[in-house]
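Visitor: I have a model open and would like to learn how to read its features one by one. Where should we begin?

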Amino acid sequence: MSYSVGQVSAFAGVTVRTLHHYDRTGLLSPGDRSRAGYRLYGEADLVRLQQILFYRELGFPLDEIASILEDPQANPVERLRARQRQLSEEIARLQRLAEVAERAIEVQGTGVPLTPQERFEVFGEITFDLSYATEAELKWAHSRGQREAMARATAHTKEDWRRLMGEATAWRAELLAAFDEGEPSDGERAMDLAEEHRLHVSRWFTTCPPDMHRRIADDFVTDPRAFALVVPPSQQRPGLAAYTCRAVHANAARHTGGRIDAEEDR
């Protein structure tokens with residue numbers, strides 16, 4: 001039996017436009033034509049269409065589908081296994097995003113509501129970049145420290161945030177003074193400031209051993225969004241992020257004798 005474009009479109013669930021496109025590109029050309037010149041699809045064409053739709057459902061691009069169907073040496077099993085790995089990774093990524101969204105909902109539902117004026121009074125110029133927060137949540141999704149930090153941040157009251165940010169502001173002023181006065185990053189003053197920051201993180205968010213503090217400081221250099229949570233852009237100086245990172249590393253070495261902590265769970 002032969003079937004018209006309209007009939008194939010109806011029972012295959014694809015548009016006529018799509019079938020015409022498959023024909024133009026040579027992916028699926030109907031095996032016959034009516035006397036009036038209309039496309040007619042035979043049983044072999046329908047089998048090929050079924051294969052095309054199967055691979056399309058799995059996300060294969062059309063050129064790769066054509067390669068699989070046309071190349072007698074092609075190994076569809078290996079390609080399917082590769083696609084299975086890709087899909088598994090994507091499912092895991094989407095699951096992590098769903099968890100981020102769930103936590104964001106929890107924060108919105110249980111967090112401390114602040115008016116714009118109150119938010120400025122509490123946080124000043126410090127802003128929280130949602131893209132950075134999302135990436136950090138994905139990066140450290142399986143970290144005990146990240147989960148603890150998120151839980152404790154969510155539980156902070158408005159007064160907690162006032163105290164927290166007050167400490168951060170005072171610490172930042174001392175950091176800027178040390179930097180502007182040319183204190184060496186591995187000097188006692190800079191290392192003491194690094195230690196204050198580490199204890200601040202431990203006090204308000206999560207236990208922060210020296211090696212975790214190193215990784216936090218490394219982000220100051222590689223991602224401006226991370227350092228902006230510590231020093232707002234209007235107060236930053238060229239080289240300040242690197243200076244802070246070096247001070248943290250020097251302080252960590254002071255506490256660990258230069259060794260790397262066994263604790264790796266941020």
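Guide: With a definition: helices are DSSP runs of H or I with at least four residues, numbered from the N terminus. The model here is predicted. In that numbering, the protein chain has 13 helices and three strands.

Visitor: How many residues does helix 13 have, and what should they span?

Guide: Helix 13 covers residues 240-256, which is 17 residues.

Visitor: How do I read which way the residues of a helix point?

Guide: An α-helix has 3.6 residues a turn, so residues three or four places apart point the same way. In helix 13 the buried residues include Leu 240, Tyr 243, Thr 244, Ala 247, Val 248 and Asn 251.

Visitor: Which helices do the buried residues of helix 13 pack against?

Guide: Their partners are helix 9 (158-180), helix 10 (188-204), helix 11 (210-222) and helix 12 (224-228).

Visitor: At what angle do helix 9 and helix 13 pack?

Guide: The angle is about 100 degrees, and the axes are 11 Å apart. Angles of 65 to 115 degrees count as roughly perpendicular, and helix 9 and helix 13 are therefore roughly perpendicular to each other. Helix 9 makes the contact through Leu 175, Leu 176, Ala 178 and Phe 179, while helix 13 supplies Leu 240, Tyr 243 and Thr 244.

Visitor: And at what angle does helix 10 pack with helix 13?

Guide: About 85 degrees, with the axes 8 Å apart. Helix 10 is therefore roughly perpendicular to helix 13. Residues meeting there include Ala 190, Met 191 and Ala 194 in helix 10, and Ala 247, Val 248 and Asn 251 in helix 13. Tyr 243 of helix 13 also meets helix 10.

Visitor: How should I read the strands?

Guide: Strands of a sheet pair through backbone hydrogen bonds, either parallel or antiparallel. Here three strands form an open sheet in the order 1-3-2, with antiparallel pairing. Strand 1 (3-4) and strand 2 (32-33) are the edge strands, each pairing on one side only. Strand 1 pairs with strand 3 (residues 39-41) over two bridges, and the bridge partner of Ser 4 is Leu 40 in strand 3.

Visitor: What share of the 266 residues in the protein chain is buried?

Guide: Buried residues make up 36%. Among contacts between residues at least 6 apart in sequence, 66% join residues at least 24 apart.

Technical notes
Residues are numbered from 1 along each chain as its sequence is written. This is a predicted model: local features need pLDDT of at least 70, side-chain atom pairs count only at pLDDT 80 or more; totals for chains, interfaces and linings use all residues. Side-chain values use heavy atoms; hydrogens and water are left out. The expected span of a helix is 1.5 Å times one less than its number of residues. Buried means under 20% relative accessible area, exposed over 50%, partly exposed in between (1.4 Å probe, protein chains only). Contact means heavy atoms within 4.5 Å. Two strands pair if DSSP finds at least two bridges between them. Axes are lines fitted to C-alpha atoms, for helices over the stretch in contact, and angles run from 0 to 180 degrees between N-to-C directions. Angles under 35 degrees count as roughly parallel, over 145 as roughly antiparallel, 65 to 115 as roughly perpendicular and the rest as oblique.
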